[in-house]
Amino acid sequence: MVLGPARPGRSAPRLLENVLEHDPSIPGKQALSDDFSPLTAHVGHKHTLHQITEICTLPLYAGSPLNDRYTIASICEECRLHVTLIVDCTPDPRSDRPPRPCPTADNPLHFFTYCPSASTPFYGNDDRWEETRVFRCVGDDCPVEVTVKTTSPYINERLRLLLMDKPTLRERQNEFIQKNKEQIDPSSKIHTDDLPGRALETMLSYLKNAKRGDDRSIPRANKRYNTFLTDECAELFERAGFQSNEQANEWIPPSLGQFEPLFWMYNETLLLSVQNPKGFKSAPVKDGYVPAISAMKTILRCKEYESIRPRLDLGGKDMTRYYAALGILPDFSDQLVIWAFKRQILCDVQSRPYLLESLENISHQRGTEVLQIEVATQRSQGAYTSGDAYEAARRLGITNLESAEEGLIIGLFKSRLADSPRQEYQLREDLSIIGRYRNSTAILEVAQQTSFPTAKSACDWLTVPEDTEDSMILSMYAARVAEFPGDEAAAKAAVRKIGEYRNSSVLLSFVETGLFVEAPPDIGQAFATLGVEDRTMDDDTLITVFGMRYMDMPGQVHDLRNALRAIGTERNSKQILDYLSTGETATTGPGSSDSPVGLENIGNTCYLNSLLQFYFTIKPLREMILNLEAYEETDVNDDVVDRKRVGGRKVSRQEIERAKKFAGHLRTLFQDLIATKMTSVAPQRDLAYLALVSSKDEEAERRKSVEASKPETIDLSNTDDAMDIDTPINGPNVADDAVSEDTLVGDSQDQPSSHAHNELPSYNSVGSDYVMVDVDAKIPPSNDKESLMPLKVPKDTEKSVGGDSLIQQTVALSEDTVLADAPEGVPLTPPPDIPERPPPIPPRPQIKKRESSAGDLMFGRQQDVTECIGNVMFQLESAIRPTEIDSHGEQMDLIKEYFYGTTKQTLTFPNSEEIRTKEELFNHLIVNVAESDEDIYSALDSSFDVEQVDLEGRSAKRFLSLGRLPPILQIQVQRVQFDREKGSAYKAHAHLNFPETIFMDRYMDTDTVPDLKERREKAWEWKQELKDLLKRKIELTNTSAGVDVPTVLDAAKEMLEDYELIDPSLATENARSSLQRRLAEIKQELSDIAERVTLLESQLANQFADLRSHGYRIHSVFIHRGTVSFGHYWIYIYDFQRHMWRKYNDERVTEVIDPQEIFTTAPNDHQPPTPYFLVFIREDQAEAITEAVKREIGDSTPPDFNLAPLV
């Protein structure tokens, strides 16, 4: 059946899309005709239209009322087709109702239908043709009418050859030289290849002068004219509006009011010149050209509408035609799709079957609940697709649905009904569809004779009593259909009849949706179904958990959805309910120049989104990325590869190229964050892949793939969420013998060190000839052992130090010394502490290896947070040129300038004047948070305080200081601990208290505070005393029975007194006296301890309070909510210019009303959101090096619409 009468409609965005596809001179490209097939849209090209502002009539200013007649003249950059859009917004004088132009509440966009009576069909010939098509908006009382005028270029192929055909131009030049050989030097002859450019340049200069108002005539005896044009080009001048003055032998430019042809000719000639610049004295450029589509969208009010990221395929099926049938584009939101579907039915009701088929296919493609419900609703109201009609005809034995007579159709129906009476309802349904499809009253009358006049007859058919419960009705329905599949339609009709009689939402909902909607679970059951213990978990994390549970248990999606819906209803959460309805966590809308832009989660990339948002606010880094050409390694030659050392190791050519690619993707993202008109953008998948997967990981996975002997299904996402807690972190910057000339000394992460992936060369003290030993492993206090993860130590590489096993490592003496050649006597290096890992990024979806590339495999791998930071920083440094090379060959650059500082490790030996020092670069400090709440200074102290170590058989004291502080101070909060009893890792939720400003003076290695070293030593003495006092307090209060000592002594004294009352002969006075005396001594000692502890804590709190020269303001707080296995990440960033906090939660960026949500923990919250990475900015540089809002929204249409012409 033909798609209804030729009056389907199209939305304004679809109309403009068709304008860009339309060319009436090419078969298959008549995109503005009603029978246009989008499957042929690929024929030819899509127009790139440039606005010719001089002949446009536009609104006076942006936002002005659109109540006039507007003209937008444009030309295609490739084929030079003329496209003029005329939009008439004036009220219809024939209507007595006030105009209501779209968009309105009922019609969010214009919806146009073609008006053939007002249009002029294609007419003309190959030399010159024209077409005019008129469209009217069908919105209630909307007066807008659009005329699309398409015209062939003034310079057709015949005229183009006059300007560009080389033999013609060569002959023209030779003829002129021959006529003027006495005046012309033959050596000045222009090369044939340059002649087209010189002819175009000559013509363009004449047109440009005339366009500028130069009324001087063009002498036809002019040398330049006769060399490149001659009177052979007279038609070109005439088409441009010039007049020939035969008497004066000259061309007179067009007069005022006759400039329109001139503008068309000028722009056509300019486009030809840009396409063929050879021979021009100066290359032609399209200065200030303006895309016409922007003004077209503005006047048709479709510049911004509710949209999604489009998909154009469904299992290999091209979806374009279905969107075109509804008159929409693939990026329309679900709500707009439904609106357009209903609008299209009003315009073209006879095509309703095909329109429903289109909606159904779009619903299947998107899989969103709102579209599925609309399809079910339409079907419940009797709607059907064209495919349904042909299938119904097939079941009735009708071979030709279009031409079969009514009597034959009814006869076939009755015959089938007599043969299969049990299938009566299905047969009547088929006949009803055929009757409506053919618009046959006779067929419909036969079809509408129902088999279930009452609810009782329906119950009898299902063989159930009338008072049967709804759930049992549905059980009988399922049993009947399972036994007799052909009865499904009749069974559904019976359920409908019973549901209507009872007014049962359960039965009617089942008939419409096919789902049994039972009573929602209670709230406790809902959280249990999702596996969530913390009922205060925020909506974002709940949605994340739902997605993870769905990936783990896709067969339980119904229960999971019911659980999430119950929680959303209980909370009245629009976010959760909208997510269940649309499948999207947020709808992208128009952005603002005053607000940052969110980043869409493209697959559990919430942590990466937070990291990228942080980097975007660092002004020097952002400017470097945006101006990458000025910083990046350009020619990656052998010299560059030879000198490239980042993180203490060489960087290969492949890694440099990979890093440049990453930096390029990051620049694209930053540009989008600045210029987008929407509230959020989606990072490129390649950017996320390169950020999350290091080059070493990629190479390892590639080798693994090559070595695989047979295809297998692989769990890409590591969904058991197990962390490799017993193995050291390996990343792109860890030096190894395969890639580095040096073997670097490993450092503990318990001290402020470079990141696990950014271990950098050490710096020995001046004049020191020996190798500085990394004595970085701390001996954990005995009461902390249960919270530490076990180290795997080979039996042949153990050495006892303080009761803990240390891994032997050989120290490289120089670049010429290799690991195997280390001489005897080189001191052994203590091992790094267990890998310091914050909670892992949530796992990615599972994908089958046979369907994935190696890149997809690695992208799906669970990532460690610090790995990601190290990988990003490594690639940025690898991509850019060094500003200098230090004495160790390490690259110095902008990254190190802003993100790196230095630590100084000092070793002293008792009874010796020997002092060893070592300096190291670091890009973040690490603080450990275990079970108890702690403030930032006490957490930092654990890294900088003095400690006893064994070295070379001698006891030594070691402490750390800060040499140079970076402008950007990063602190990682280590929260992952290990429970030895359970044999598993867990996340510590202890609160870390940090103020808005911290001062790092106490940790500096500086002479500006003369007594700083003495102050630190005094603080260390107090801390040791405090530690001893607390240990003594434990001895006095704790017993193996779990009862404190004073209570035990009190109980013993009372017991002795009781014995005396029972048997006075028992002499217990001495014992009671001893107990009384001991009890008094212990209580006094405990009182003294408490008093001394209070004094020491006060002294420690004030020891450095006056040192405030090195202040740092908090800038960013990375937050994780969840467990060690899963969770959600977001970031808070402070805007120093506007003095406000914002929360960046994937695509949503919101202002923080109460900053206490950042700095405090809600009471009774067992799994609170916790900081795991803090960023502080040097106090005196905070406003200079940070900028939270950088927006230059890209809009090619200035406010006054006075756009520059195409020149």
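Which residue in strand 11 is the bridge partner of Ser 244? The partner is Trp 251. This is a predicted model, in which local features need pLDDT of at least 70 and side-chain atom pairs count only at pLDDT 80 or more, while totals for chains, interfaces and linings use all residues. Residues are numbered from 1 along each chain as its sequence is written, and side-chain values use heavy atoms, with hydrogens and water left out. Helices (H or I, at least four residues) and strands (E, at least two) are DSSP runs, numbered from the N terminus.

- Three strands form an open sheet: the 3 strands have the order 9-11-10, with antiparallel pairing; two strands pair if DSSP finds at least two bridges between them.
- Strand 9 (218-219) and strand 10 (243-245) are at the edges with a single partner strand each, so one side of each has no neighbour in the sheet.
- Strand 10 runs antiparallel to strand 11 (residues 250-252), and 3 bridges join them.

**Helix 17 and helix 19**
- Helix 17 (residues 455-462) packs against helix 19 (residues 488-502) at about 140 degrees, and their axes are 8 Å apart; axes are lines fitted to C-alpha atoms, for helices over the stretch in contact, and angles run from 0 to 180 degrees between N-to-C directions.
- That angle makes helix 17 oblique to helix 19 (under 35 degrees is roughly parallel, over 145 roughly antiparallel, 65 to 115 roughly perpendicular, and the rest oblique).
- The crossing of helix 17 and helix 19 is left-handed, meaning that the near helix is turned anticlockwise from the far one by less than a right angle.
- On helix 17, Ala 455, Ala 458, Cys 459, Trp 461 and Leu 462 meet residues of helix 19 including Ala 490, Val 495, Lys 497 and Tyr 501; contact means heavy atoms within 4.5 Å.
- By class, this contact has 11 nonpolar, no polar and 1 charged residues (Ala, Val, Leu, Ile, Met, Phe, Trp, Tyr, Cys and Pro count as nonpolar, Asp, Glu, Lys and Arg as charged, and the others, Gly among them, as polar).

**Helix 21 and helix 23**
- Helix 21 (residues 523-530) and helix 23 (residues 557-571) pack at about 135 degrees, with axes 8 Å apart.
- Helix 21 is therefore oblique to helix 23.
- Helix 21 passes helix 23 in a left-handed crossing.
- The contact involves, among others, Phe 527 and Leu 530 of helix 21 and Asp 559, Glu 570 and Arg 571 of helix 23.
- Its classes are 9 nonpolar, 1 polar and 3 charged residues.

**Aromatic pairs**
- The count comes to 28 aromatic pairs (rings of Phe, Tyr and Trp, the last by its six-membered ring, with centres within 6.5 Å; planes under 30 degrees apart count as stacked, over 60 as edge-to-face and the rest as tilted).
- Tyr 114 and Phe 135 form a tilted pair, 5.6 Å centre to centre with 50 degrees between the planes.
- This pair links distant parts of the chain, with Tyr 114 in strand 5 (residues 111-114) and Phe 135 in strand 7 (residues 129-137), 21 residues apart.

**Backbone details**
- Cys 102 and Pro 103 are joined by a cis peptide bond, with omega about 5 degrees.
- Pro 103 lies in the loop between strand 4 (82-88) and strand 5.
- Asp 141, a residue other than glycine, has a positive phi near 60 degrees.
- Asp 141 is in the loop between strand 7 and strand 8 (145-151).
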